Amino acid sequence: MRPDDWHLTEDVDDFLARAGDFLRSRPGPHVMQLTWAERVRVRGAEAFGTDAPIFGVLEQAGEVRGTFFRLPPRGIGLSPLTPAQADSLAARLATLGHSLPRVSADHVTATAFAEAWQRHTGATSKLGDIRLRLYRLGTLTPSEPMPAGRSRVLGEQDLEHVMFWCGEFAKAVGEDVSIDADTWADTRFADKRYTLWETPDGTAVSIAGMNPLIGGQIQVDIVYTLAHLRGRGYAAAVTAEVSRAALAAGARDVVLFADLSNPTSNALYQRLGYRALADWAVYDFSHVPPEASWERTEAR
């Protein structure tokens with residue numbers, strides 16, 4: 001497999017024209033490709049900083065075999081790739097002088113690329129602390145009984161409310177993002193539709209968001225309950241409501257990510273009818289000076 005089988009472009013429309021059918025054929029594993037390509041298409045490349053987003057398509061014999069995206073200075077996101085395909089991409093990017101801080105993909109692909117990147121660049125890789133599992137909804141089975149209260153879809157008039165909840169979620173998961181009126185439009189939270197679960201007296205206790213319908217699929221993202229209110233069924237209730245809304249909006253597939261270190265949320269999603277689709281991994285890269293690399297090799 002040749003590195004130049006990869007077609008690189010800064011034009012998201014070109015990327016989607018080449019790879020759109022391929023991505024939509026398996027929307028679950030391609031959820032991040034579809035989501036970020038759509039954000040770039042809607043917001044414009046200039047919304048992502050001075051360095052243009054980069055997309056790539058692996059084409060062989062007239063067929064698409066794989067894709068990637070990168071929004072500098074962030075890392076690279078990959079569709080499922082074989083080790084040979086991952087190696088050819090690493091070789092191409094290394095030859096072009098790309099410097100990558102990390103890779104994100106299904107665990108098998110991310111591992112294959114991290115090993116290939118080390119071979120081609122000398123970079124060292126470290127598996128990130130956060131381990132995720134991608135779930136896809138089978139048959140929605142809401143928990144019974146539901147907690148007392150009701151769901152409420154948030155609108156434009158609720159922006160302050162939404163920003164508060166997203167800020168709390170970001171802090172809880174360690175996401176380094178500034179959320180206020182000036183930065184909101186540029187965050188990944190801005191294109192979602194949010195639903196609150198409220199107690200009978202109108203107190204907001206849990207929130208869930210969902211991304212727009214892309215490629216026949218909707219991703220549920222985010223799900224968050226204030227710490228002192230957990231264990232009362234609120235997250236299950238609001239997730240069920242958002243999952244139902246996603247199906248009503250025409251989604252053939254509904255997916256979400258869960259932190260594998262949180263057995264409670266993983267069990268909750270499975271009770272609601274979500275089934276494991278893939279484990280996700282992030283590898284962080286660091287570059288070792290040639291002298292240090294040589295010394296470490298000789299010391300073995």
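Select residues 159-173, which form helix α5 in this predicted model. The helix has 15 residues and reaches 21 Å from its first C-alpha to its last, close to the 21 Å expected at 1.5 Å a residue.

Within α5, show the side chains of the buried residues: Val162, Met163, Trp165, Cys166, Gly167, Glu168, Phe169 and Ala170.

Next, select helix α6, residues 234-248. Its 15 residues should span 21 Å at 1.5 Å a residue, and a distance between its end C-alpha atoms gives 21 Å, which agrees. How many of the residues of α6 are buried? The count is 11 of the 15, so α6 is largely enclosed by the rest of the structure. To see them, pick Tyr234, Ala235, Ala236, Ala237, Val238, Thr239, Ala240, Val242, Ser243, Ala245 and Ala246. Just after α6, glycine 250 also has a positive phi, here about 105°.

Now go to the helix pairs. Select α1 (residues 12-25) together with α2 (residues 31-43). Their axes are 11 Å apart and the packing angle is about 150°. Angles over 145 degrees count as roughly antiparallel, and α1 and α2 are therefore roughly antiparallel to each other. The crossing of α1 past α2 is left-handed. For the contact, show Val12, Asp13, Phe15, Leu16, Leu23 and Arg24 on α1, then Gln33, Leu34, Ala37, Val40 and Arg41 on α2.

The last pair is α3 (residues 83-95) and α4 (residues 107-121). Here the axes come within 8 Å and cross at roughly 40°. Are α3 and α4 parallel or oblique to each other? Angles under 35 degrees count as roughly parallel, and at roughly 40° α3 and α4 are therefore oblique. α3 passes α4 in a right-handed crossing. On the α3 side, select Pro83, Ala86, Asp87, Leu89, Ala90, Ala91, Leu93 and Ala94; these meet Ala112, Phe113, Ala116, Trp117, Arg119, His120 and Thr121 of α4. By class, the contact of α3 with α4 holds 11 nonpolar, two polar and two charged residues.

Definitions and conventions
Residues numbered from 1 in each chain as written. Predicted model: local features only at pLDDT ≥ 70, side-chain atom pairs only at ≥ 80, totals over all residues. Heavy atoms only, no water. Axes fitted to C-alpha atoms, helices over the stretch in contact; angles between N-to-C directions. Helix = DSSP H or I, 4+ residues; strand = E, 2+ residues; numbered from the N terminus. Parallel < 35°, antiparallel > 145°, perpendicular 65-115°, else oblique. Left-handed = near helix turned anticlockwise from the far one by under 90°. Contact = heavy atoms within 4.5 Å. Expected span 1.5 Å × (residues − 1). Buried < 20%, exposed > 50% of the residue type's maximum accessible area, 1.4 Å probe, protein only. Nonpolar A, V, L, I, M, F, W, Y, C, P; charged D, E, K, R; others polar.
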